[in-house]
Amino acid sequence: MTDMKNADVPEGGAPLMQPSRSVTRPLLVQIVAYVVLVALACIPGSANVGGVVYSLLLSVVGVLIMLSAFFTPLRDGLPGRITACVLGFCSMICAATPFLGELVFGVHPDGVERSESLSVSAWLAGCATLLVMLLVVSFARQMARNPRTDMIVQMSHMVMDGVSCIAAAGWCFLPMLMHADGVRPVVRALTLAAVALVALALAAMSCLWTRDVRPLDDARSPWIGMGMMPLMLTGAAVGIAVLVMLLV
């Protein structure tokens with residue numbers, strides 16, 4: 001049966017099928033990025049915010065955000081990509097500032113575990129603020145366009161780009177997920193399994209997204225951006241998993 005959703009209709013009236021897109025390359029992008037992130041988090045001392053390894057992890061997350069803006073398959077244009085990068089780096093600042101929890105909640109932690117949970121909570125609060133800013137900027141951007149063609153498509157793509165970059169900063173808590181003290185092994189194993197399930201689910205969804213996406217004609221290797229999008233969204237699962245692990 002002809003898939004009319006992915007078909008273009010020329011003047012003659014007969015639908016022409018678009019060439020099928022391979023899902024192999026986006027999946028390979030995800031695998032390579034996961035290997036790099038996990039390898040850095042497994043290095044002893046990676047949870048030390050002031051250490052070299054943690055700085056390398058931050059650099060990798062920053063590179064992911066910039067590459068996603070450069071290779072994105074979404075139709076949000078240059079303003080959307082710049083907005084996503086700015087919000088993504090603001091989210092990284094929230095994640096990499098240990099004393100932010102004390103500033104946000106006005107609570108002095110009694111121990112290291114309490115300090116870590118406050119740090120993750122402050123990052124989630126910062127993400128909520130950044131998401132509100134993203135919605136406001138996305139709407140204002142569409143109102144400023146003239147004419148406002150494909151308004152819903154461009155606004156949804158801009159929001160998706162921004163959400164991915166904001167969530168990517170959650171990978172900064174991966175060393176904490178793997179090395180935090182005072183956590184029962186069973187709880188750590190369950191949280192790691194939950195993050196892995198989220199990553200697998202998003203990887204499966206990315207196969208559908210790859211087949212359905214319609215990037216711009218001048219898009220640069222959009223399969224790279226499509227492969228990085230589920231990886232970056234998984235960062236939110238990492239941050240939430242760390243908070244649950246520390247509070248249980």
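**Surface patch, core and cysteines**

F89 sits in helix α3, which spans residues 77-95; helices here are DSSP runs of H or I with at least four residues, strands are E runs of at least two, and both are numbered from the N terminus. The structure is a predicted model, where local features need pLDDT of at least 70, side-chain atom pairs count only at pLDDT 80 or more, and totals for chains, interfaces and linings use all residues. Residues are numbered from 1 along each chain as its sequence is written, and side-chain values use heavy atoms, with hydrogens and water left out.

Back to F89: with a relative accessible area of 31%, F89 is partly exposed (buried is under 20%, exposed is over 50%, and partly exposed is in between, with a 1.4 Å probe and protein chains only). Together with V63, M66 and L67, F89 makes up a nonpolar patch on the surface, with about 320 Å² of accessible area in total. Patch members have over 30% relative accessible area and no salt bridge; nonpolar side chains (Val, Leu, Ile, Met, Phe, Trp, Tyr) are joined within 5 Å, like charges within 9 Å. A salt bridge would be a side-chain nitrogen of Lys or Arg within 4 Å of a carboxyl oxygen of Asp or Glu. Areas come from the Shrake-Rupley method with a 1.4 Å probe, and for residues only the protein chains shown count as cover.

On the inside, the largest nonpolar core has 50 residues, and L37, I65, W171, F173 and L177 have the most contacts within it. Such a core is a set of buried Ala, Val, Leu, Ile, Met, Phe, Trp, Tyr and Cys residues joined through side-chain atoms within 4.5 Å. Elements giving two or more residues to this core include α1 (24-42), α5 (112-144) and α8 (185-212), while α9 supplies the largest share, 10 residues. Neighbours within four places in sequence aside, W171 is in contact (heavy atoms within 4.5 Å) with Y34, L37, L57, V61, L231, M232, T234, G235 and V238.

As for the cysteines, the disulfide count is zero, a disulfide being a pair of cysteine sulfur atoms within 2.5 Å. C94 is buried at 16% relative accessible area, but its sulfur lies 6.8 Å from the closest cysteine sulfur, that of C127, so the gap is too far for a bond. C42, at 41%, is partly exposed.

Overall, the protein has nine helices and two strands, and 45% of its 248 residues are buried.
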